[in-house]
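Here's a quick tour of how two protein chains meet.

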Amino acid sequence: MNVNNNYNTVFKLSSELIENYQVIHIEGKLIYGNTQAAKKELVENIRRCNGYILNLDKVEYIDSTGLGAIMNFAKTITKDNKKMILVIQDTFIKEILSISKFDMIFYIVPTIEKALKDFKEGFKTELELNAY
Amino acid sequence: MELEVIKEVPANYESIYVLDEFCKESLIKTDFKEWKRLYFAVHEAIINSVEATIKNCERPEEKTIKLRIFASTNEAEVHIIDQAGGIPDDKIEKLEERSLEDVLFGDNGRGILLIKELVDKVWQEKEEGNVLKLYKKVKEV
(Lines give C-alpha, C1' and ligand atoms only; values in the text may rest on other atoms or scores of the structure.)
Protein backbone atom coordinates (compact mmCIF):
# COMPACT_ATOMS: atom_id res chain seq x y z
CA MET A 1 0.00 0.00 0.00
CA ASN A 2 1.18 3.54 -0.77
CA VAL A 3 0.56 6.36 1.68
CA ASN A 4 1.18 9.92 0.53
CA ASN A 5 0.90 12.71 3.07
CA ASN A 6 0.79 16.47 2.68
CA TYR A 7 4.56 16.85 2.61
CA ASN A 8 5.01 14.81 -0.58
CA THR A 9 6.69 12.06 1.35
CA VAL A 10 5.66 8.54 0.53
CA PHE A 11 6.01 5.27 2.27
CA LYS A 12 5.08 1.92 0.84
CA LEU A 13 4.31 -1.17 2.83
CA SER A 14 4.15 -4.73 1.49
CA SER A 15 4.52 -8.14 3.03
CA GLU A 16 5.16 -11.76 2.15
CA LEU A 17 5.28 -15.02 4.02
CA ILE A 18 8.63 -16.83 3.82
CA GLU A 19 8.97 -20.18 5.59
CA ASN A 20 6.05 -19.12 7.83
CA TYR A 21 7.77 -15.89 8.88
CA GLN A 22 6.06 -12.69 7.79
CA VAL A 23 8.49 -10.33 6.10
CA ILE A 24 7.17 -6.77 6.09
CA HIS A 25 8.94 -4.43 3.69
CA ILE A 26 8.79 -0.69 4.35
CA GLU A 27 10.03 1.74 1.72
CA GLY A 28 10.34 5.52 1.76
CA LYS A 29 10.23 7.85 4.74
CA LEU A 30 8.90 6.79 8.11
CA ILE A 31 8.43 10.27 9.49
CA TYR A 32 5.98 12.67 11.13
CA GLY A 33 2.85 12.85 9.00
CA ASN A 34 3.23 9.26 7.81
CA THR A 35 3.53 7.40 11.05
CA GLN A 36 -0.10 7.29 12.16
CA ALA A 37 -0.93 5.63 8.83
CA ALA A 38 2.14 3.40 9.18
CA LYS A 39 1.08 2.24 12.66
CA LYS A 40 -2.38 1.40 11.36
CA GLU A 41 -1.13 -0.39 8.25
CA LEU A 42 1.45 -2.40 10.15
CA VAL A 43 -1.04 -3.69 12.69
CA GLU A 44 -3.77 -4.35 10.12
CA ASN A 45 -1.40 -6.42 7.99
CA ILE A 46 -0.29 -8.77 10.75
CA ARG A 47 -0.70 -12.40 9.69
CA ARG A 48 -0.52 -15.48 11.87
CA CYS A 49 2.99 -16.89 11.61
CA ASN A 50 6.07 -17.96 13.59
CA GLY A 51 7.65 -14.51 13.77
CA TYR A 52 8.08 -11.18 12.04
CA ILE A 53 10.89 -9.63 10.02
CA LEU A 54 10.59 -5.87 9.57
CA ASN A 55 12.67 -5.02 6.53
CA LEU A 56 13.76 -1.37 6.82
CA ASP A 57 16.46 -1.72 4.18
CA LYS A 58 14.64 0.65 1.80
CA VAL A 59 13.64 3.17 4.43
CA GLU A 60 15.23 6.45 3.34
CA TYR A 61 14.63 8.27 6.58
CA ILE A 62 13.15 7.74 10.01
CA ASP A 63 12.41 10.13 12.88
CA SER A 64 11.21 9.78 16.47
CA THR A 65 7.62 9.18 15.35
CA GLY A 66 8.82 6.42 13.01
CA LEU A 67 10.60 4.80 15.94
CA GLY A 68 7.28 5.01 17.81
CA ALA A 69 5.55 3.18 14.97
CA ILE A 70 8.09 0.34 15.17
CA MET A 71 7.65 0.15 18.92
CA ASN A 72 3.87 0.10 18.59
CA PHE A 73 4.08 -2.81 16.13
CA ALA A 74 6.51 -4.68 18.39
CA LYS A 75 4.24 -4.31 21.42
CA THR A 76 1.29 -5.58 19.36
CA ILE A 77 3.02 -8.80 18.27
CA THR A 78 4.45 -9.33 21.75
CA LYS A 79 0.89 -9.67 23.09
CA ASP A 80 0.74 -12.83 20.99
CA ASN A 81 4.16 -13.96 22.30
CA LYS A 82 5.79 -13.44 18.91
CA LYS A 83 9.25 -12.08 18.17
CA MET A 84 10.55 -9.64 15.59
CA ILE A 85 13.87 -9.06 13.83
CA LEU A 86 14.77 -5.77 12.15
CA VAL A 87 16.68 -5.75 8.87
CA ILE A 88 18.72 -2.57 8.43
CA GLN A 89 21.86 -1.73 6.49
CA ASP A 90 21.88 2.07 6.58
CA THR A 91 24.52 3.16 9.09
CA PHE A 92 22.77 6.36 10.15
CA ILE A 93 19.43 4.62 10.79
CA LYS A 94 21.32 1.99 12.78
CA GLU A 95 22.99 4.78 14.76
CA ILE A 96 19.62 6.38 15.53
CA LEU A 97 18.26 3.03 16.72
CA SER A 98 21.35 2.55 18.85
CA ILE A 99 21.11 6.03 20.42
CA SER A 100 17.42 5.34 21.11
CA LYS A 101 18.47 2.09 22.86
CA PHE A 102 16.38 0.06 20.41
CA ASP A 103 19.31 -2.31 20.00
CA MET A 104 18.70 -3.41 23.59
CA ILE A 105 15.31 -4.90 22.73
CA PHE A 106 15.42 -5.48 18.99
CA TYR A 107 17.65 -7.94 17.22
CA ILE A 108 19.09 -6.16 14.17
CA VAL A 109 20.64 -7.90 11.17
CA PRO A 110 21.75 -6.73 7.70
CA THR A 111 19.75 -9.15 5.51
CA ILE A 112 16.47 -11.07 5.41
CA GLU A 113 18.42 -14.31 4.90
CA LYS A 114 20.32 -13.72 8.13
CA ALA A 115 17.05 -12.93 9.93
CA LEU A 116 15.48 -16.22 8.76
CA LYS A 117 18.60 -18.15 9.76
CA ASP A 118 18.70 -16.56 13.23
CA PHE A 119 15.00 -17.10 13.78
CA LYS A 120 15.58 -20.83 13.23
CA GLU A 121 18.75 -21.01 15.31
CA GLY A 122 17.49 -18.71 18.04
CA PHE A 123 18.59 -15.25 19.15
CA LYS A 124 18.65 -13.17 22.30
CA THR A 125 18.34 -9.49 23.06
CA GLU A 126 19.54 -7.61 26.12
CA LEU A 127 15.98 -6.86 27.19
CA GLU A 128 12.80 -8.78 26.43
CA LEU A 129 10.01 -6.85 24.77
CA ASN A 130 7.49 -8.19 27.25
CA ALA A 131 9.50 -6.46 30.01
CA TYR A 132 7.55 -3.25 29.43
CA MET B 1 32.54 27.70 2.87
CA GLU B 2 30.64 29.75 5.43
CA LEU B 3 26.93 30.29 5.23
CA GLU B 4 24.30 32.34 7.03
CA VAL B 5 20.74 31.90 5.82
CA ILE B 6 17.23 32.38 7.14
CA LYS B 7 13.81 31.12 6.07
CA GLU B 8 10.40 32.03 7.45
CA VAL B 9 7.32 29.92 6.78
CA PRO B 10 3.77 29.62 8.15
CA ALA B 11 3.59 27.49 11.29
CA ASN B 12 1.76 24.54 9.78
CA TYR B 13 2.42 20.86 9.14
CA GLU B 14 3.34 21.37 5.47
CA SER B 15 6.14 23.72 6.53
CA ILE B 16 7.94 20.91 8.35
CA TYR B 17 8.92 19.46 5.00
CA VAL B 18 9.87 22.87 3.58
CA LEU B 19 12.16 23.68 6.53
CA ASP B 20 13.59 20.14 6.53
CA GLU B 21 14.67 20.54 2.92
CA PHE B 22 16.01 24.06 3.51
CA CYS B 23 18.09 22.83 6.44
CA LYS B 24 19.40 19.80 4.59
CA GLU B 25 20.37 21.78 1.48
CA SER B 26 22.08 24.50 3.53
CA LEU B 27 24.14 22.06 5.61
CA ILE B 28 25.16 19.99 2.59
CA LYS B 29 26.08 23.15 0.67
CA THR B 30 28.62 24.07 3.33
CA ASP B 31 29.96 20.52 3.37
CA PHE B 32 29.25 20.30 7.10
CA LYS B 33 30.38 16.79 7.96
CA GLU B 34 27.90 16.11 10.76
CA TRP B 35 24.88 17.28 8.76
CA LYS B 36 22.84 14.10 9.24
CA ARG B 37 22.87 14.31 13.04
CA LEU B 38 22.13 18.03 13.11
CA TYR B 39 19.44 17.69 10.43
CA PHE B 40 17.73 14.95 12.46
CA ALA B 41 17.77 17.16 15.56
CA VAL B 42 16.46 20.18 13.66
CA HIS B 43 13.64 18.09 12.16
CA GLU B 44 12.56 17.02 15.66
CA ALA B 45 12.71 20.62 16.89
CA ILE B 46 10.61 21.86 13.96
CA ILE B 47 7.92 19.24 14.72
CA ASN B 48 7.81 20.41 18.35
CA SER B 49 7.67 24.04 17.25
CA VAL B 50 4.77 23.51 14.83
CA GLU B 51 2.83 21.39 17.33
CA ALA B 52 3.38 23.92 20.12
CA THR B 53 2.31 26.83 17.90
CA ILE B 54 -0.89 25.08 16.85
CA LYS B 55 -1.63 24.01 20.43
CA ASN B 56 -0.63 27.13 22.38
CA CYS B 57 -1.11 30.15 20.13
CA GLU B 58 -4.24 32.10 19.37
CA ARG B 59 -4.70 32.34 15.60
CA PRO B 60 -1.88 29.88 14.82
CA GLU B 61 -2.61 30.29 11.12
CA GLU B 62 -1.13 33.79 11.38
CA LYS B 63 2.06 32.62 13.13
CA THR B 64 5.33 31.75 11.48
CA ILE B 65 8.42 29.70 12.21
CA LYS B 66 11.87 30.89 11.23
CA LEU B 67 14.94 28.79 10.69
CA ARG B 68 18.28 30.58 10.93
CA ILE B 69 21.37 28.64 9.97
CA PHE B 70 25.01 29.55 10.53
CA ALA B 71 27.23 26.85 9.09
CA SER B 72 30.76 26.12 8.04
CA THR B 73 32.61 22.92 7.30
CA ASN B 74 33.47 22.32 10.94
CA GLU B 75 30.58 23.70 12.95
CA ALA B 76 26.99 24.77 12.63
CA GLU B 77 24.32 26.47 14.69
CA VAL B 78 20.63 26.35 13.86
CA HIS B 79 17.98 28.57 15.45
CA ILE B 80 14.32 27.58 15.41
CA ILE B 81 12.26 30.67 16.16
CA ASP B 82 8.56 30.58 17.00
CA GLN B 83 5.95 32.41 19.04
CA ALA B 84 4.80 29.38 21.02
CA GLY B 85 6.56 30.32 24.27
CA GLY B 86 9.26 27.67 24.25
CA ILE B 87 9.74 24.67 26.49
CA PRO B 88 8.50 25.45 30.04
CA ASP B 89 11.25 25.49 32.70
CA ASP B 90 9.69 22.61 34.68
CA LYS B 91 9.66 20.48 31.54
CA ILE B 92 13.33 21.26 30.93
CA GLU B 93 14.15 20.16 34.49
CA LYS B 94 12.31 16.87 33.89
CA LEU B 95 14.21 16.41 30.63
CA GLU B 96 17.50 16.73 32.48
CA GLU B 97 16.49 13.76 34.62
CA ARG B 98 15.14 11.57 31.82
CA SER B 99 17.02 9.34 29.42
CA LEU B 100 16.06 7.49 26.27
CA GLU B 101 15.91 4.28 28.30
CA ASP B 102 13.09 5.80 30.36
CA VAL B 103 10.93 6.13 27.24
CA LEU B 104 12.19 2.96 25.57
CA PHE B 105 8.82 1.21 25.42
CA GLY B 106 6.79 4.31 24.64
CA ASP B 107 5.35 5.23 21.25
CA ASN B 108 6.41 8.84 21.76
CA GLY B 109 8.36 11.20 24.06
CA ARG B 110 11.83 10.62 22.63
CA GLY B 111 12.10 13.59 20.21
CA ILE B 112 13.69 16.15 22.55
CA LEU B 113 15.83 13.45 24.18
CA LEU B 114 17.22 12.54 20.78
CA ILE B 115 17.98 16.21 20.12
CA LYS B 116 20.04 16.29 23.31
CA GLU B 117 21.99 13.21 22.21
CA LEU B 118 22.65 14.36 18.65
CA VAL B 119 23.94 17.89 19.16
CA ASP B 120 26.70 19.29 21.37
CA LYS B 121 24.58 22.04 22.90
CA VAL B 122 20.90 22.87 23.02
CA TRP B 123 19.46 25.91 24.74
CA GLN B 124 16.64 28.41 24.39
CA GLU B 125 16.58 32.19 24.48
CA LYS B 126 13.94 34.88 24.17
CA GLU B 127 14.63 37.24 21.30
CA GLU B 128 12.05 38.23 18.66
CA GLY B 129 10.19 35.11 19.76
CA ASN B 130 11.25 31.95 21.46
CA VAL B 131 14.52 30.72 19.98
CA LEU B 132 15.69 27.16 20.35
CA LYS B 133 19.38 26.97 19.48
CA LEU B 134 21.19 23.81 18.42
CA TYR B 135 24.96 23.71 18.04
CA LYS B 136 27.10 20.96 16.59
CA LYS B 137 30.83 20.80 16.00
CA VAL B 138 32.62 18.20 13.92
CA LYS B 139 34.62 15.87 16.13
CA GLU B 140 38.34 15.99 15.50
CA VAL B 141 39.78 12.61 14.55
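A salt bridge here is a side-chain nitrogen of Lys or Arg within 4 Å of a carboxyl oxygen of Asp or Glu. One such pair is Glu95(A) with Arg37(B), whose closest N and O atoms are 2.7 Å apart. Keep in mind that this is a predicted model, where local features need pLDDT of at least 70, side-chain atom pairs count only at pLDDT 80 or more, and totals for chains, interfaces and linings use all residues. Residues are numbered from 1 along each chain as its sequence is written, chains are lettered from A and ligands numbered from 1 in the order in which they are written, and side-chain values use heavy atoms, with hydrogens and water left out.

**Where the chains touch**

- On the contact count (heavy atoms within 4.5 Å), 24 residues of chain B meet 30 residues of chain A.
- Together the two chains bury about 2400 Å², with 65% of it on carbon and sulfur atoms; buried area is the accessible area (1.4 Å probe) that two parts lose on being put together, summed over both.
- Leu104(B), Phe105(B) and Asp107(B) supply 29% of the area that chain B buries against chain A, more than any other three residues.

**Salt bridges**

- Side chains of opposite charge can pair when their charged atoms come close.
- Over all chains, the structure holds 14 salt bridges, and the count between chain B and chain A is three.
- The Glu95(A)–Arg37(B) pair crosses between chains, from helix α3 (residues 91-99) of chain A to helix α2 of chain B; helices (H or I, at least four residues) and strands (E, at least two) are DSSP runs, numbered from the N terminus.
- Glu95(A) is partly exposed at 23% relative accessible area, and Arg37(B) is partly exposed at 25%; buried means under 20%, exposed over 50%, and partly exposed in between (1.4 Å probe, protein chains only).
- Arg37(B) also meets Glu34(B) in a salt bridge (2.4 Å, N to O), and Glu34(B) is buried at 10%.
- Within chain B, Lys133(B) and Glu127(B) form a salt bridge with their closest N and O atoms 2.9 Å apart.
- Lys133(B) is buried at 8%, whereas Glu127(B) is partly exposed at 37%.
- Those two residues belong to a network of salt bridges that also links Arg68(B) and Glu125(B).

**Aromatic rings**

- A search of the whole structure turns up 10 aromatic pairs over all chains; rings of Phe, Tyr and Trp (its six-membered ring) pair if their centres lie within 6.5 Å, and planes under 30 degrees apart count as stacked, over 60 as edge-to-face and the rest as tilted.
- Tyr32(A) and Tyr13(B) have ring centres 6.0 Å apart and planes at 35°, so this pair is tilted.
- Tyr32(A) lies in the loop between β3 (21-30) and α1 (35-44) of chain A and Tyr13(B) in helix α1 (residues 13-29) of chain B, so the pair joins two chains.
- Tyr32(A) counts as buried at 13%, while Tyr13(B) is partly exposed at 33%.
- Another tilted pair is Tyr61(A) with Phe40(B), at 6.1 Å centre to centre and 50° between the planes.
- Tyr61(A) is buried at 12%, and Phe40(B) is buried at 0%.
- Ring pairs link Tyr61(A) and Phe40(B) with Phe92(A), Trp35(B) and Tyr39(B) into a cluster.
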